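Look at the sequence and the model first.

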Amino acid sequence: MKDKNIGFIGLGNVGKKIANNLIKNGYNLYINDLNQKSSTKLIQNGAIWCQSIDTLIKNVSVFITCLPSPKSVKKVLSDSLPLIKKGHLWIELSTTDEEDMKSLAKLIINKNAEVIEAPLSGGQHKAESGNISVLVGGNRDSFNRSFPILSCIGHNILHCGEIGKASTLKVVTNYLASINLLAIGEALMVCKKYGIDLKTAYEGIKISSGNSFVHETESQVILNGSYNINFTMDLVKKDMNLFNELSKKINTPLEISPFVLEIFKDAQKKYGSRAWSSMVVKRLEDKFNLDFRAPGFPDELVDNEKEENGYEI
């Protein structure tokens, strides 16, 4: 194991699950977060708490960030930069702005260190099981160096090209998932008002051409009523803004995307920034005074598939 000591910054809903998988795979994990309470279970499992980012960087050859916004990524890297030197590798797991990612990567490369972007896709239940998908941007040598670490994080690993390509592709996939979620809400409401049993509707969509990953996962917690996908309204709004801003930068006016963003803004106003993003469909439930409840669905998603070793797509 070449890079035995790894730093991990950002222990939110996804981060702490990813961090735990690295511990399980034998890495010495040095951790830091604004909320020290989020580290309790990881410390019990063998992680080493660092009171400062300085302490963390000094003890590792690889450091990973998994943070909620481009602003927080820039802040952490700014704090880290004076201590970064040749031999360090930065792995950025967050969904962030591609221009920001490219400019931050230059700062790392100018220190003779390495960097890859590796945003994750597939939901927190997949992050917990180690079967999440990883989109990677960066040069091939850095990708090869990071691969043993990434294979402990996820299953399907795709090298997308240079820095910026993976961040862009991740924003695109999040946009598609957001559209799909809105469409599911409308589909379920039509089924409900027509009198189709919603469990039957779920199974019918699942075996049809209208099926999707979002339906197979998020529809379950919608039908349960928990809406709990461990992903919040403010994060969807952030991702939608990134997609819309990207389309403007490349001079590609879009028709659907602005409407999708407005619907999520309305849902955030109604239910709050920290409401689960799947609650966007509750707008329809409230509008028609009907609910999407059906028996036999879980209140939280669990990945029951066996953890598999990561491999390159």
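Helices (H or I, at least four residues) and strands (E, at least two) are DSSP runs, numbered from the N terminus. The model is predicted: local features need pLDDT of at least 70, side-chain atom pairs count only at pLDDT 80 or more, and totals for chains, interfaces and linings use all residues. Residues are numbered from 1 along each chain as its sequence is written, and side-chain values use heavy atoms, leaving out hydrogens and water.

**Thr 232**

- Thr 232 sits in the loop between helix H10 (213–224) and helix H11 (233–249).
- Its relative accessible area is 4%, so Thr 232 counts as buried (under 20%; 1.4 Å probe, protein chains only).
- Its side chain makes a polar contact (N or O atoms within 3.5 Å, one able to donate a hydrogen and the other to accept it; residues adjacent in sequence count only if both atoms are side-chain atoms) with the side chain of Asp 234, at 2.5 Å.
- The side chain of Arg 274 also makes a polar contact with that of Thr 232, at 3.2 Å.
- Beyond neighbours within four places in sequence, Thr 232 is in contact (heavy atoms within 4.5 Å) with Ser 273, Arg 274, Ala 275, Trp 276 and Ser 277.

**Second largest pocket**

- Helix H1 (15–24) and helix H2 (40–44) each supply at least two lining residues; H1 gives the largest share, five.

Technical notes. Buried < 20%, exposed > 50% of the residue type's maximum accessible area, 1.4 Å probe, protein only.
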